[in-house]
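Colleague: I'm new to this one and would like to learn how to read it. Could you walk me through it piece by piece?

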Amino acid sequence: MRAIMGSAALALAIFPAWAQQSPYADYQRMTAESAPIELFELGGEELWKRKQGPKSVSLEQCDLGQGPGELKGAYAGLPRYFKDADRVMDLETRLLHCMMTLQGRSREDATKRVFGNADSPSEMELLSMYVAGKSHGMPMRPGTSHPKEKATYQLGQKLYFHRAGPWDFSCASCHGEEGKRIRMSELPVLFKPQYARPLMATWPAYRVSTSSVVTLQWRMNDCYRQMRMPEPQFGSDTTVALITFMTVNAEGVPYRGPAIKR
Amino acid sequence: MAGPMKMRATLAGGYTDVRVLMTHPMATEQQTKGQPHFIQNLTVKVNGKTVVEGQISQAISRNPVFSFRLSGGAKGDKIEVSWLDNKGDTNKTETAVA
Amino acid sequence: MIVKRRGLLKVAGAMGAVLVAGLLKPVAALAATWNKEAFGSKSAADALNRLGTSGAEANSGIVIEAPQIAENGAVVPIEVTSRIPGTTSIAVLVDKNPYPLVARFDFMEGALPFVKLNAKMGETSDVRVVATAGGKHYVATKEIKVTIGGCGG
């Protein structure tokens, strides 16, 4: 992409009160109205119903927290503690759990390609879009009462501020102060509900700059890459803890997704 | 092989709102180093009669979404949208006005 | 990340299997006119010439609704309505794109002269819309600023 208006000049000219009203409000509204989200939800639905794995079973009996096969409101209730796994799980770790237990797939097989691309979204990405869509409009209420849910939140909080890696970065290095941005993108301060809410209400999403579906597990993975830290394992305690921390900080916000992002 | 296509047609105030989503790379000359792959023609039909003919270019975004408005319209009217790309691939979808 | 072929084929199959409607009619039944010269023009003026719509006069009856500033140039939503009576066609151009002509729609009886589409914009530019009504051509423009965000992730 060639010369675009100099970021600094543009920022000063248009955004005197940066954190107030987003200059992208119209863009976000109009793109939301004409986003190809449903195509990915359809892809996810097909995968949800498809018999796979050694047991040749679909995911239709997967319990995402509302009971086996109950999708309405399931995403809005995540992350949460699951007794059968004895841990807190986010959407993607729970889907992985069902792929392994219901379908009999090995972890290696099910996580072979968790992050896709524009030409071919991954199974996890499509399933995430489908499941999340069934919570559209519902208030987000991740689990907060179980001791492991509390512990997971606290771990997430610690990790958010934990500086490491060759650049000594933590999440807070970029997402720690109000009014900051990278190029033209605002950096939300995710330990403050007023910023966490609009953000957590819009994942997973279709990302226009790469024409691909992005999920929270991907976002955690990519943030760690950008901080020059080792790659976290898919569905690891680290990623689930951070997702839990941010989602709980956003508690109560009506889920607006799956959404469209730049 | 064409990816999923989806359409919704709803009665609004005095017109029918048609929103159609299509899967297509809409790859530009620049992106493909000279081998662009994109939808060129779009046709909208109401009860078999053509009402919109569109010619589009590689400058339409990937996975295009279009909205059209049809004059009048009634519940149950059959809307069909079809496309043809520069490689001869096609796809179409139909829906009834809700 | 290496994309393994098996995974790719698997998901491609999933996408293909979700066709809402298959290929029911032969290709020949679909319209095949595509103004190659107009779409291959490298200036808006040239494209409009090839479309036969040069000399369009400014008219506020063409309403362009678009964001003042787009967060990314890959998807820029543009909504166009022509309030000019008898509008039979609308052409949408982005002046600074490598090939300015983005789309052209012909409206027959039964359709309103309205379209909303997502365009790619390479940089900040005027969006130019030309409407044809009663054999005459009219034009309106609107500037959309295109920015870039994020840290390349």
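Colleague: Let's start with strand pairing. Which residue in β5(B) is the bridge partner of B:Asp17?

Modeller: Keep in mind that this is a predicted model. As a general idea, strands of a sheet pair through backbone hydrogen bonds, either parallel or antiparallel. Here, B:Asp17 has B:Arg69 as its bridge partner in β5(B).

Colleague: How many bridges join β2 and β5 of chain B?

Modeller: Strand β2 (residues 15-22) and strand β5 (residues 65-71) of chain B are joined by 7 bridges, and the two run antiparallel.

Colleague: And what is the order of the strands in the open sheet?

Modeller: Reading across, you get β1(B)-β2(B)-β5(B)-β7(C)-β4(C)-β2(C), an open sheet of 6 strands with antiparallel pairing. At the edges sit β1 (5-11) of chain B and β2 (62-65) of chain C, each pairing on one side only. On average, neighbouring strands of this sheet are turned by 15° against each other, direction ignored.

Colleague: On to chain A. How many helices and strands are there?

Modeller: Chain A has 11 helices and 7 strands. Its C-alpha trace spans about 60 × 40 × 35 Å along the principal axes.

Colleague: What radius of gyration would a compact globule with 262 residues have?

Modeller: It would be near 18 Å, and chain A agrees because its own value is 18 Å. Of its 262 residues, 46% count as buried. Look at contacts too: among those between residues at least 6 apart in sequence, 70% join residues at least 24 apart.

Colleague: One last stop. Where is A:Gly179, and is that residue buried or exposed?

Modeller: Look in the loop between α8 (171-175) and β3 (181-182) of chain A. A:Gly179 counts as exposed because it has 11 C-beta neighbours inside 10 Å, and the cut-off for exposed is 12 or fewer. The C-alpha atoms of A:Gly179 and A:Val189, 10 residues apart along the chain, are separated by 8.9 Å.

Definitions and conventions:
Residues are numbered from 1 along each chain as its sequence is written. Chains are lettered from A and ligands numbered from 1 in the order in which they are written. This is a predicted model: local features need pLDDT of at least 70, side-chain atom pairs count only at pLDDT 80 or more; totals for chains, interfaces and linings use all residues. Helices (H or I, at least four residues) and strands (E, at least two) are DSSP runs, numbered from the N terminus. The radius of gyration is taken over C-alpha atoms; the globule rule is 2.2 Å times the number of residues to the power 0.38. A residue is buried if 20 or more other C-beta atoms lie within 10 Å of its own, exposed if 12 or fewer, and partly exposed in between; C-beta atoms are placed from the backbone. Two residues are in contact if their C-beta atoms, placed from the backbone, lie within 7 Å. Two strands pair if DSSP finds at least two bridges between them. Axes are lines fitted to C-alpha atoms, for helices over the stretch in contact, and angles run from 0 to 180 degrees between N-to-C directions.
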